[in-house]
Amino acid sequence: MHKSLFLCLSTVALYARVNAALPPPCDSEIYCTGPILHQVQTAKLFDDDKYFVDMKLRETPDVVLSAFRNLSNESPNNTVPPAELQEFLSNYFEKPGAEFESWTPPDWHTKPKFLGGIADQQLRNWAAKIHNLWKSLGRKIRTGVKDHPELYSQIYTPHPVVVPGGRFRELYYWDSYWVINGLLLSEMTDTAHGMIQNFLYLVNRYGFIPNGGRIYYERRSQPPFLTLMVESYYRATMDKEFLRAALPALEQEYRFWMQNRSVAVTLNGAEHVLNRYHVQVGSPRPESYTDDLELAEGLTEDRKEQLWMELKAGAESGWDFTSRWYVDRDGHNNGTLGDTRTSQILPTDLNALLCLTEKTLASFHRILGDGDSAAQYDQAAARRLEAIESLLWDAERGAWFDFNLVTHSKHFEFYPSNLAPVWAQCYSGPEMGERAVQYLKSSGALQFPNGVPTSLRESGQQWDYPNAWPPLQHMLIEGLSKLPSEDAKQLAFDLAQRWIKTNWLAYMKYEAMFEKYDVNGDGKPGGGGEYEVQLGFGWTNGVALQLLDQYGATLTSGGSRVLSGLLLPLVISATVMLQ
């Protein structure tokens, strides 16, 4: 059989359950599906599609839907002209933001202890300003959202939150891991506790944690960091009763991922179970409606639905979007955004995260005196480790690579996620960590002054070159810092120095923290993707504070002298190994 035909048939098999009965992103006929959403978004009344779906209703959904039906019945082809649409929105909707009241975290105070460990005076002053930003990112949801949920796209949560910032007005799932770690350093334990309680509440309500705090996110998740959030909180407080109360929800979330996001792969006669991102939900994403509609132009209805599923899976991965998820018609890791096939890939970082989750759940059960349950999670971690080393580890290259479910082969492009098992300490032989250091040095990814890029491909997508993202820098640095060799520890410090330097330089220029940065230049925000770069910014602040805490005695704001001294040997070693 011709190879491309085999791949097409394999792809059809993977999509066997795709049909017209796919559920929409949520059940709202205003925020997730229906003529109001379609006409408002396609009229492009706002610069960002997220704006409309964050607006509050002034009347009940039935009243608004009925008014729109009457209006469209009076319009040619049932299409309401833009000026009348705008008037309709003014009459029946409020601007976004009505769902929040201003809230300053009451446990914020001026001088957390970690500031005293930062030797460089300029960095210490800057760290105090970052610490100050928590006050501006605090949000409390109005009780109206609880009393009248039908008027909002906002999902009610009982405790105040610290949000990412910019267009991201609400709580987001994986961002919050780094936010919570930053809050704990800032000694804002109550705020961190409240955020974790919100996530436990969401698990109890949905069985998993939605991507973010909006109903249009409620049928997809994000990288499952809740167990690690609880671990961070437990380490800071040693609150065993909190751990005991949280554990059932942590196990419920873990079961969701194993039951709904896992896949069995047989290789060399052995069956292995690993996880993937997979969202069986149809229609364009409401918050990026016209982007998804335009990308699917010219496709059959089935293919449109497949593409929209894959884009939602890409959003669930947190990497939205990236060449990492591209699979072309021949099954190769190539193409454009329309070739996004997230669900056909077993991601290294998701499986490293779940390996660490399993080990952490085992440790929680041991702390609480339940050895039998601990043993079950230890066994799950051991099975996953075997699967990761059978399917993702490449002994020749010395790193872990995403696995393509269509071709049963690995993708060998560089992504920082190729070292995620080092961060998770999920590998069997000590030499594997050191092999990964050599892989990183020879990858070409260390040649940039401002951090490690998300890939070496310039696709125009935001999770690709030249952007560097705070969580990926932190996972890489933390992983390297845990390795026994001085070489790895020095590399971790060098990368921390570069990252802090670019964050600091950009702050000096713009008086802002950004969600992502450019690996080139002298400290500037990243770009590309579906929206303008956002400032605020929750996880950037959390990562900066963690690195300033970990390396505060030696990090410097100081000029090219220190930085060039650190960079030169890395660039030389990378160049030598590439030759």
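Q: What kind of model is it?
A: It is a predicted model, where local features need pLDDT of at least 70, side-chain atom pairs count only at pLDDT 80 or more, and totals for chains, interfaces and linings use all residues. Numbering starts from 1 along each chain as its sequence is written, and side-chain values use heavy atoms, leaving out hydrogens and water.

Q: How do H19 and H20 pack?
A: H19 (residues 486-510) and H20 (residues 538-550) pack at about 130 degrees, axes 10 Å apart. Helices are DSSP runs (H or I, at least four residues), numbered from the N terminus. Axes are lines fitted to C-alpha atoms over the stretch in contact, with angles from 0 to 180 degrees between N-to-C directions.

Q: Parallel, perpendicular or oblique?
A: Oblique, therefore. Under 35 degrees is roughly parallel, over 145 roughly antiparallel, 65 to 115 roughly perpendicular, the rest oblique.

Q: Which residues make the contact?
A: Ala496, Trp499, Ile500 and Asn503 of H19 meet Thr540, Val543, Ala544, Leu547 and Leu548 of H20. Contact means heavy atoms within 4.5 Å.

Q: Switching to the largest pocket. Which residues lie nearest its centre?
A: Asn181, Ser232, Arg235, Glu478 and Gln546, out of 20 lining residues. On a 1 Å grid over the protein atoms alone, a pocket is an open set of points where a 1.4 Å probe fits, with protein on both sides within 12 Å along at least five of seven lines; lining residues have an atom within 4 Å of a point.

Q: Which helix gives the largest share of that lining?
A: H10, with five residues. H20 also gives two or more.
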